[in-house]
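Please find below my note on the model under review. The points are numbered so that each can be taken up separately.

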Amino acid sequence: MATAQVTCPLCEATCGLDVTLDGSTVTGVRGDALDVFSRGFLCPKGASLGALHHDPDRLRTPLLRRNGSFHEVSWDEAFAEIDARLPALLEEHGRDALAVYVGNPAAHNLAVALYGRPLFKAIGTRNFYTAGTVDQIPKHFSSGYLFGGGFTIPVPDLDHTRHLLLLGANPLVSNGSLMTAPDMRAKLRAIRARGGKIVVVDPRRTRTAEAADEHHAIRPGTDALLLFALVHTLFAENRVSLGRLAAHVNGVGDVAALAEPFAPERVAGVTGIAADEIRRMARELADAERAVCYGRIGTTTQAFGTLCSWLVDVLNVLTGNLDTEGGAMFPLAAAGQANAGGPRRPFTTGRWRSRVRGLPEVFGELPVATLADEILTEGPGQVRGLLTVAGNPALSTPNASRLAEALRGLDFMVSLDAYLNETTRHAHVILPVPSPLERPHYDLSLYQLAVRNVANWTPAALPTELPQEWETLLRLTGVVTGQGPDADIAALDDLVAAETARRAGLDPAVAGPRTGPQRLLDLLLRAGPYDLTLADLEAAPHGVDLGPLRPRVPEVLSTASGKIELAPEPVTADVPRLAGLLGEVPDGQLVLVGRRQLRSNNSWMHNLEPLVRGSNRCTMQVHPADAARLGLADGHAATVTARTGKIELPVEITDEVRPGVVSIPHGWGHDVEGTRASVAAAHAGANSNVLADELLVDGPSGTAVLNGIPVEVAPA
Ligand SMILES: Nc1nc2c(c(=O)[nH]1)N[C@H]1C(S)=C(S)[C@@H](COP(=O)(O)OP(=O)(O)OC[C@H]3O[C@@H](n4cnc5c(=O)[nH]c(N)nc54)[C@H](O)[C@@H]3O)O[C@H]1N2
Ligand SMILES: Nc1nc2c(c(=O)[nH]1)N[C@H]1C(S)=C(S)[C@@H](COP(=O)(O)OP(=O)(O)OC[C@H]3O[C@@H](n4cnc5c(=O)[nH]c(N)nc54)[C@H](O)[C@@H]3O)O[C@H]1N2
Ligand code: SF4
Ligand SMILES: [Mo]
């Protein structure tokens with residue numbers, strides 16, 4: 001028996017785990033009590049890493065689709081096929097004819113973090129998509145204009161705050177997002193234990209709401225009105241106090257003027273939150289000794305995602321809580337500081353637009369809500385090929401039926417993935433990847449958002465017979481740069497290392513004989529602010545604690561003025577659209593929102609028996625009053641219809657959701673032909689993104705509206 005320490009790559013919490021092994025068999029997974037950050041915490045998903053590793057359906061051999069069915073082939077055969085078809089497609093139709101979609105697990109994958117970029121640059125397509133445009137892109141958008149960098153995102157200083165206002169987030173289930181913080185329950189308890197208060201704004205009475213002091217069941221999609229009314233109240237009652245930041249902020253007067261029309265009385269009807277409640281919330285936020293406002297998925301994937309993301313930080317600034325202990329603070333990561341301040345190219349968006357709908361590029365990517373348009377609409381620049389890396393857009397992006405139709409018609413599709421699923425079944429070649437236990441881990445992306453500065457490198461717990469994902473990515477880079485299927489991977493790796501070293505101002509030789517991600521990470525650590533090397537992390541299997549968050553303004557800022565631009569025009573340009581809702585009276589239209597489930601991970605862990613047991617069901621939650629009105633019976637099937645399609649699923653009557661709102665988790669709908677996931681197929685559920693309308697997007701960022709979708713519901 002042996003024990004290996006691994007950092008869990010399944011969500012943003014970065015828990016340290018002890019994996020016990022009997023030879024190559026995983027016999028147990030427990031929280032690592034010695035981990036400097038997670039201190040023994042783990043959730044049911046982390047505990048299932050063994051089941052994931054041993055899942056017989058997980059791909060271990062490349063698959064090639066011929067005459068409608070998949071065949072196991074060697075790596076050389078798979079790459080021969082890719083080499084025969086991909087360069088020809090690029091040659092004949094141009095670089096934009098190949099779209100790329102990168103999914104969520106890529107954010108937790110060192111190989112993709114470090115070797116994805118060289119490949120995507122070599123492809124050189126403007127049709128670059130990620131799960132970000134069904135997720136957090138509005139936050140990058142607002143942060144970029146506020147602070148100068150799209151990754152200059154402040155996180156709640158949970159360990160010191162005394163007042164936490166959470167909107168559209170359920171961290172007791174999701175384990176936190178855009179705030180890397182293992183063991184949320186302990187962190188929330190500690191806030192209350194130190195006399196602090198937690199306020200949750202969510203159309204559902206979530207687990208987090210239940211653990212909070214106060215819950216406001218807002219009408220979906222109206223958070224920006226509530227936030228503006230809070231801002232309005234701060235100005236109206238003379239409670240604006242910038243504190244230390246006063247010298248570093250432009251545009252406070254502009255914000256006051258913009259907030260003027262949003263009096264609490266004018267938003268109360270449409271948000272469903274009474275005007276005096278809103279005033280009290282504003283006062284408590286302003287008066288608390290250390291307070292922070294935080295918003296997540298319910299505030300980003302909705303009609304006013306960018307305005308919500310902006311207003312959350314505006315509130316933190318106006319209450320003097322940005323960049324102070326217990327407020328919203330900027331982490332300082334050990335490697336690849338995405339929020340390194342100082343002068344750089346000004347943050348900008350819309351440098352190009354999507355061909356069909358003219359949606360803007362943000363962060364180099366186009367909104368995935370328009371991917372199907374780009375595939376299905378003929379003409380110069382039409383997308384004819386697709387590369388997916390760690391993504392399942394067939395389940396996770398809007399108007400899923402239309403996207404499935406689009407994927408069926410592609411000339412050529414390659415997927416790097418662990419499963420033959422709803423998306424990859426459309427691929428011509430699927431290239432498998434090592435399991436999370438077969439690869440080293442360092443959470444390059446998520447440490448950028450950690451509520452405490454930490455660094456943890458964990459080597460692969462088990463050897464693999466598969467190529468590492470970084471090697472596969474380099475091999476694909478060789479193909480798209482015309483070097484054929486057998487390009488010299490080591491030479492390409494040297495080039496990537498040389499480029500990484502150049503940008504870090506280092507000689508690549510300082511990393512010694514290391515290659516692959518190890519070499520790149522060593523370079524990034526050496527160039528980082530803590531004087532670390534990979535050897536330091538190797539000597540600390542439970543992680544290195546680099547201390548609490550520290551104030552970073554003005555050093556962290558990289559706007560042209562060197563100041564926080566509190567009223568940036570690309571963001572505030574959307575305010576008139578919001579003002580259109582002022583004084584509106586709710587019309588009784590039923591709307592759909594999502595919800596996350598503790599034993600589920602977006603779309604892709606439903607093939608694991610330990611996770612799909614029990615309460616983890618894909619149901620439509622509906623309030624008893626709506627159920628009675630619509631004639632719905634608990635446990636019976638209902639049909640849910642939207643502009644884009646219709647699904648059928650069981651009804652769950654509960655007063656957890658507010659009247660007028662139904663909730664369906666996303667990531668289900670495994671009842672399609674031609675996948676290889678027997679457990680998931682037996683627990684299929686329904687695909688809620690059949691109902692998500694691809695035409696509904698957040699104005700500035702093009703991010704999909706996945707919450708607040710108008711639907712009709714009837715007994716099936
Ligand atoms: N209606 C609605 N839709 C939503 C959301 C919502 O709240 N409501 N949430 C959105 C959000 S926040 C997100 S992030 C997206 C997620 O959307 P996606 O990222 O498209 O979907 P995932 O379910 O994360 O699929 C991950 C895929 O990666 C594969 N995979 C797992 N590990 C690896 C690996 O190490 N390497 C490779 N190459 N592949 C791997 C899995 O097999 C799976 O196919 O869904 C979005 N969709
Ligand atoms: N167990 C588990 N953990 C996960 C994931 C998972 O699938 N399962 N996915 C991971 C990913 S990719 C992400 S991005 C994070 C997301 O992390 P969170 O954002 O914390 O996740 P959710 O549980 O979807 O919480 C969103 C909440 O917003 C509410 N909501 C919906 N519409 C509105 C609205 O208009 N206004 C307000 N105020 N609230 C609204 C929903 O009811 C829901 O409770 O979770 C991550 N962690
Ligand atoms: S909370 Fe997230 S990181 Fe921690 S064990 Fe669960 S899935 Fe893994
Ligand atoms: Mo996400």
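1. Basis. The model is predicted, and local features need pLDDT of at least 70, side-chain atom pairs count only at pLDDT 80 or more, and totals for chains, interfaces and linings use all residues. Residues are numbered from 1 along each chain as its sequence is written, chains are lettered from A and ligands numbered from 1 in the order in which they are written, and side-chain values use heavy atoms, with hydrogens and water left out.

2. Shell of ligand 1. Ligand 1 is surrounded by 29 residues, of which Tyr101, Asn104, Asp417, Glu469 and Ser603 are the closest; a residue is near a molecule if one of its heavy atoms lies within 4 Å of it. By class, this shell has 12 nonpolar, 12 polar and five charged residues. In this scheme Ala, Val, Leu, Ile, Met, Phe, Trp, Tyr, Cys and Pro count as nonpolar, Asp, Glu, Lys and Arg as charged, and the others, Gly among them, as polar.

3. Contacts of ligand 1. A polar contact is a pair of N or O atoms within 3.5 Å; within protein, one must be able to donate a hydrogen and the other to accept it, and residues adjacent in sequence count only if both atoms are side-chain atoms. An oxygen atom of ligand 1 lies 2.9 Å from a polar side-chain atom of Arg439. Nitrogen atoms of the ligand are reached by the side chains of Asn689, at 2.9 Å, and His666, at 3.4 Å. The protein covers 97% of the 910 Å² of accessible area that ligand 1 has on its own (Shrake-Rupley method, 1.4 Å probe; for residues, only the protein chains shown count as cover).

4. Ligand 2. Among the 32 residues around ligand 2, Ser174, Asp202, Asp223, Ser600 and Asn602 come nearest. The shell divides into 10 nonpolar, 15 polar and seven charged residues. Helix α6 (171-174) gives the most, with three residues. Backbone atoms contact ligand 2 as well: a polar one of Ser600 is 2.5 Å from a nitrogen atom of the ligand, and an N or O atom of Asn602 lies 2.7 Å from an oxygen atom. The protein covers 98% of the 910 Å² of accessible area that ligand 2 has on its own.

5. Ligand 3. Residues around ligand 3 include Cys8, Cys11, Cys15 and Cys43. Its shell has eight nonpolar, three polar and one charged residues.

6. Strand β6. Helices (H or I, at least four residues) and strands (E, at least two) are DSSP runs, numbered from the N terminus. Strands pair if DSSP finds at least two bridges between them. β6 pairs in the parallel sense with β15 (residues 385-389) over five bridges, with Val389 the bridge partner of Val102.

7. Residue Thr644. Thr644 lies in the loop between β23 (637-642) and β24 (645-653). Why does Thr644 count as buried? Thr644 counts as buried because its relative accessibility is 14%. Its side chain reaches the backbone oxygen of Val690 at 2.7 Å.

Technical notes. Buried means under 20% relative accessible area, exposed over 50%, partly exposed in between (1.4 Å probe, protein chains only).
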